[in-house]
Amino acid sequence: MLTRDARGAAVLGGVRLGDLFDVAAGGEAVRTPAYVYDVDAMVAAARELGRGFGPQSHLIAYAVKANSAGVILRALAEAGCGADVVSGGELGLALACGISPDRILYSGVAKQDPEIDRAIGAGERGILALEIESVEEIARVEARAAALGRIARVSLRIKPGIVADTHAHIATGHDEAKFGIAQADVPAAFAALAAAPHVRLVGVGSHIGSQLMRATEYLAAADVLIELARERETTHAPLELVDFGGGFGIDYGDGSPTPPGEFAEGISARIARAGLGARTAVVEPGRALVGAHGVLCATVVMTKRSGDRRWLFIDAGMNDLLRPALYGARHHIEPLDQVPPAPGAGRPWAVAGPVCESSDDFGEHAFDDPPPARVLIRDAGAYGYTMASEYNGRPLPAEIFLRGGRMVAVTKSRGIAAWIADRSG
Ligand code: LLP
């Protein structure tokens with residue numbers, strides 16, 4: 001959790017953030033922009049979600065796309081998490097970080113043959129499940145499994161026809177979404193499975209969207225899935241799992257979402273009521289485990305006045321944190337080394353980065369006079385570094401990992417020279 005020390009300086013995971021960037025304070029003198037993560041808090045979030053399931057058998061398949069740092073993946077794996085991956089790259093990473101194949105699910109509308117092969121070929125019996133996103137994909141997986149002489153374990157990702165209450169770009173469960181199989185096509189998918197001897201259906205699943213603030217739609221989708229699983233089991237062998245997807249929201253400062261544990265309680269109650277309590281309930285949270293436990297630290301480069309407007313230009317830009325530019329997302333920005341103004345106090349500053357795009361803009365934030373020399377951007381642990389780019393010749397930011405009240409790992413930015421060498425070669 002982010003707190004403040006007696007002098008008002010920001011402290012994350014027991015470490016005063018300013019010290020990390022100060023050689024004088026004994027820090028490593030990492031340069032900003034830099035992401036800093038409280039890994040212990042991420043592990044605690046995973047454990048708390050797990051408690052919501054009570055005695056229900058479950059798997060928390062962490063959505064690697066939210067934050068793919070190895071330090072984080074290994075820590076979550078130690079806490080019992082599996083992984084939800086969406087590419088051969090993420091699959092290879094999860095395996096390299098010690099996540100067992102039988103705790104990995106792989107979604108994606110356009111998996112390529114080498115990616116399918118990697119999933120089917122992992123470990124003794126392949127990964128826990130390939131999430132099948134179309135009727136057409138079944139024949140493709142059958143062909144690869146037959147060629148490899150293996151059985152592919154799959155789960156059907158259904159579009160439950162439920163519109164999540166979230167940003168249009170991150171809603172995925174409605175009928176027009178490119179993801180998953182429409183309910184009307186489920187009979188065709190079952191027929192394709194019947195004609196695929198190397199493909200074994202082990203589950204059904206869905207993911208209706210991200211940054212969900214309440215459980216209503218999620219649990220409505222859960223009912224659709226549970227009903228489908230029951231129907232299937234009346235004529236076929238019991239399934240092993242029902243995958244309810246991820247999407248639990250976090251508080252970006254605009255209201256507290258339903259806590260993930262309550263989603264887990266809702267799932268557990270429903271699956272037990274339907275008589276399917278012996279199946280593994282899978283969830284795929286990304287943001288809810290890591291989002292609130294990472295900040296992006298930046299240095300103020302300069303200020304600018306233009307008419308009534310005051311700009312605070314920082315050394316982090318949309319290439320480092322894309323969410324504001326891409327979704328109009330708002331992340332709170334605060335001074336790194338002194339206490340933020342009380343709510344309603346301070347002077348408004350438009351905080352922006354150096355990138356040559358008008359959308360490189362983090363919105364208005366209040367600061368006392370004079371404005372701070374360094375700032376932190378809150379709630380940047382999910383979809384921050386993973387969506388960063390080197391646009392405008394700006395090398396990827398640094399990352400600092402905290403555990404047990406100290407820095408346990410740091411990845412410095414590869415720097416401008418490496419970028420120039422790459423692009424000029
Ligand atoms: N499972 C599937 C199949 C998904 O597509 C996603 C996210 C997740 C799980 C994890 O969702 P989470 O629990 O993190 O909400 N870049 C966007 C979010 C895109 C989410 C894409 N899919 C953002 O920054 O808000």
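This briefing walks through the fold, the domains, the ligand shell and some local backbone details of the structure above.

The model is predicted: local features need pLDDT of at least 70, side-chain atom pairs count only at pLDDT 80 or more, and totals for chains, interfaces and linings use all residues. Residue numbers start from 1 along each chain as its sequence is written. The protein chain holds 12 helices and 21 strands, which are DSSP runs numbered from the N terminus (helices are H or I with at least four residues, strands are E with at least two). Its radius of gyration of 23 Å is close to the 22 Å that the globule rule gives for 425 residues, so the chain is as compact as a globular protein of that length. That radius is taken over C-alpha atoms, and the rule is 2.2 Å times the number of residues to the power 0.38.

**Overall packing**

- The C-alpha atoms of the protein chain fill a box of roughly 70 × 50 × 40 Å along the principal axes.
- Of the 425 residues, 48% count as buried (20 or more other C-beta atoms within 10 Å of a residue's own; exposed is 12 or fewer, partly exposed is in between, and C-beta atoms are placed from the backbone).
- Among contacts with a separation of 6 or more, 71% join residues 24 or more positions apart; a contact here means C-beta atoms, placed from the backbone, within 7 Å.

**Domains and their contact**

- The domain assignment gives domain 1 (2-38 + 291-424) and domain 2 (40-288), with bounds that come from an automatic or database assignment.
- Taken over C-alpha atoms, the centres of domain 1 and domain 2 are 33 Å apart.
- Domain 1 puts 23 residues into the contact, and domain 2 puts in 18 residues.
- On the side of domain 1 that touches domain 2, β4 (34-38), β20 (398-403) and β21 (406-411) are the elements giving two or more residues, and β20 gives the most, with three residues.
- By class, that side of domain 1 has 10 nonpolar, eight polar and five charged residues (Ala, Val, Leu, Ile, Met, Phe, Trp, Tyr, Cys and Pro are nonpolar; Asp, Glu, Lys and Arg are charged; the others, Gly among them, are polar).

**Ligand shell**

- The ligand is surrounded by 21 residues, the closest being A63, S210, G246, G286 and Y383; a residue is near if its C-beta atom, placed from the backbone, lies within 6 Å.
- This shell divides into eight nonpolar, nine polar and four charged residues.
- Domain 1 and domain 2 both give residues to the shell, so the ligand lies between them.

**Strand pairing**

- β1, β2 and β3 form an open antiparallel sheet in the order β1-β2-β3, where two strands pair if DSSP finds at least two bridges between them.
- β1 (2-4) and β3 (15-16) are at the edges with a single partner strand each, so one side of each has no neighbour in the sheet.
- β2 (residues 10-12) pairs with β3 over two bridges, and L12 has V15 as its bridge partner.
- β20 and β21 pair in the antiparallel sense over five bridges, with E399 opposite T411.
- Two residues separate β20 and β21 in their hairpin, and G404 in the turn has a positive phi of about 55°.

**Backbone points to check**

- The T32 to P33 peptide bond is cis, with omega near -5°, and P33 is in the loop between α1 (17-20) and β4.
- The D369 to P370 peptide bond is also cis, with omega near -10°; P370 is in the loop between β18 (361-367) and β19 (374-377).
- D379 has a positive phi, near 55°, and is buried, with 23 other C-beta atoms within 10 Å.
- N392 has a positive phi near 70° and counts as partly exposed, with 14 C-beta neighbours inside 10 Å.

How values were computed:
Two residues are in contact if their C-beta atoms, placed from the backbone, lie within 7 Å.
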